[in-house]
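Reader: I have a sequence and a model open. Can you show me how to read the features?

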Amino acid sequence: MAKPMTASQFVAALKKEGVKVSERYSGWRTHNRNHKGAWGNVNGVVIHHTAGRNSVSLCYNGTSALPGPLCHTHLAKDGTATMMSAGRANHAGSFPANAFNAMLNEAKTHPRPAGPETVDANARTYGIEIENLGNGRDVYPSKQYDAAVRWAAAICRFHGWTANSVIGHKEGTTRKIDPKGPVQGKGDFDMHDFRRDVQARLDGKPTTPKPDPKPEPKPGTITPKSRESAATVKAQAERALKDWPFIPAVEKKHGLPAGLLLAVGSRETNLVNKVGDGGHGHGVWQQDDRWWKVPAGFDKDVQAQAEKAAKLLADNIKAVGLPAGVAAYNAGLTGVKNALAAGKSADSATTGGDYAADVLGRMAYADDVKPTRVLEWQKVEGYMPELRYGDENWHVDFLQRMLNRFISPNLKVDGKYGQSTADAVHKFYREQLDYTTTTKGRVFSAGGWRRVLSVAETQDGKN
Ligand SMILES: [Zn+2]
């Protein structure tokens, strides 16, 4: 039992699944047969062909014998999905219980419909009319077929159904033969294949048609730009390292790039231990007591402050990479994730719109060694360092988690780049980037990170 999607939910789900939606009928949202029969508990999806050409208005208006809407969506040859209804529609008629229950229960097999047609399928199913003559010769272009798969997957995804909630009209009743006809590059429209394609989409592995090769999206690039002069930042860093010499060790312990804690402290307080931000920011790194209970003695314990800040930075970077993880120190992970999801720079969510750029700029100044290191990192887009066999740090830990997610090698997550990690990296390059490494997976570099980060971002956005 499921409550039907509202018109807005319907459109949003289709667009999210990549369907090209047309709302050319402005009244479609309230165009339905709800006044003639039940609607309110939906259980499945029915696929039809129109058996005609230029059938959009016929599907919307119907005939005097069979008033419209005749489906929820009409699908043109070019894959355009025109919305017809978000309520009861005259598309399916009645089904016998065996066919309906197989759909309702998401049975693995869909039996030949048999027995009296006792179930009002118009009350319980969504329907799509795919434009096709249905004469067995008219071809469904792959673009149209793919859009139909996406359409069905969008509904299943919304309701949490599997592809076994999708049937052809011909599987619901012996009165019908639809959908019928050859699918470009596939042979006759086969509902088993169709369900397999829908399920592949639901599982996140779309197989039809093969997606166009697209350049990998780059993780947000932020150009380091310090608000302070090099001399000022260096003077602050020198003083801080004299007073608190443990800072580099804390950075190292948490796998942070050298100078990052100094740079964040410089941005927050000019590397001065104080209570600021209206009494809410505690210590050199201004831990906010509205989000976290400050323990006794914390305001005087700069090492504890450094540990706390380093842990938060490392967690942020683990979650969204660099430099976005630095921006999240200021704007919070959610703020940064939202900015990235909206296609904006991670810094757009931060105070002054330049937090990470400023911090990375200061990091380059923080001492004489660091400018070279930052330059090295900049070669690797997204600031993820090249990893090599024998490395042991949180980047390797992160990589191992990602490898488990991508290619399921059941890799032990221990932060050590050993033989099993190398084997998994080699497999990853071959499977995900179609590339055979010359190092047998003993180096993981920018191309691999781009792939990992682009998908990691996408998947995290779903939480
Ligand atoms: Zn039909």
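Reader: Where is glutamine 9 found?

Author: This is a predicted model. Glutamine 9 sits in helix α1, residues 7–16.

Reader: Is glutamine 9 buried, exposed or partly exposed?

Author: Count the neighbours. Glutamine 9 has 13 C-beta neighbours inside 10 Å, so it counts as partly exposed. A residue needs 20 or more to be buried, and 12 or fewer to be exposed.

Reader: Which residue is 149 residues apart from glutamine 9 along the chain, with its C-alpha atom 8.6 Å away?

Author: Phenylalanine 158. The two C-alpha atoms are separated by 8.6 Å.

Reader: Now sheets. How do strands pair?

Author: Strands of a sheet pair through backbone hydrogen bonds, either parallel or antiparallel. Here is one case. Six strands form an open sheet, in the order β1-β4-β3-β7-β2-β8, with mixed pairing.

Reader: Which strands stand at the edges of this sheet?

Author: β1 (20–22) and β8 (166–168). Each has a single partner strand, so one side of each is left without a neighbour in the sheet. On average, neighbouring strands are turned by 25° against each other, direction ignored.

Reader: How many bridges join β3 to β4?

Author: Three. Strand β3 covers residues 73–75, strand β4 covers residues 80–83, and they run antiparallel. Look at leucine 75: alanine 81 in β4 stands opposite.

Reader: What is the strand order in the open sheet of three strands?

Author: The order is β11-β12-β13, and the pairing is antiparallel. β11 (275–276) and β13 are the edge strands, each pairing on one side only. Two bridges join β12 (residues 281–282) to β13. Histidine 282 has glutamine 287 of β13 as its bridge partner.

Reader: Which residues of α11 are buried?

Author: Among them are Val302, Ala306, Leu312, Leu313, Ile317 and Val320. Lys308 and Asn316 are buried too. The cover over these buried positions includes α9 (247–253), α10 (260–269), β13 (287–288), α12 (324–331) and α13 (333–341).

Reader: What follows α11?

Author: Glycine 321, with a positive phi near 80°. Just after α10, asparagine 270 takes a positive phi of about 55°.

Reader: How many residues of α10 are buried?

Author: Nine of its ten, so to read α10 is to read a mostly covered helix.

Reader: What do the buried residues of α10 pack against?

Author: They pack against α8 (230–243), α9, α11, α12 and α14. Arg267 and Glu268 are among the buried residues, as are Leu260, Leu261 and Leu262.

Reader: How do I describe two packed helices?

Author: Two packed helices are described by the angle between their axes and the distance between the axes. Take α12 and α14 (residues 355–365). They pack at an angle of about 115°, with axes 8 Å apart. Their crossing is right-handed.

Reader: Which residues make the contact?

Author: From α12, Val326, Ala327 and Asn330. From α14, Tyr355, Ala356, Val359 and Leu360. By type, the contact of α12 with α14 has six nonpolar residues, one polar and no charged.

Technical notes. Residues numbered from 1 in each chain as written. Predicted model: local features only at pLDDT ≥ 70, side-chain atom pairs only at ≥ 80, totals over all residues. Helix = DSSP H or I, 4+ residues; strand = E, 2+ residues; numbered from the N terminus. Contact = placed C-beta atoms within 7 Å. Axes fitted to C-alpha atoms, helices over the stretch in contact; angles between N-to-C directions. Left-handed = near helix turned anticlockwise from the far one by under 90°. Nonpolar A, V, L, I, M, F, W, Y, C, P; charged D, E, K, R; others polar. Pairing = 2+ DSSP bridges.
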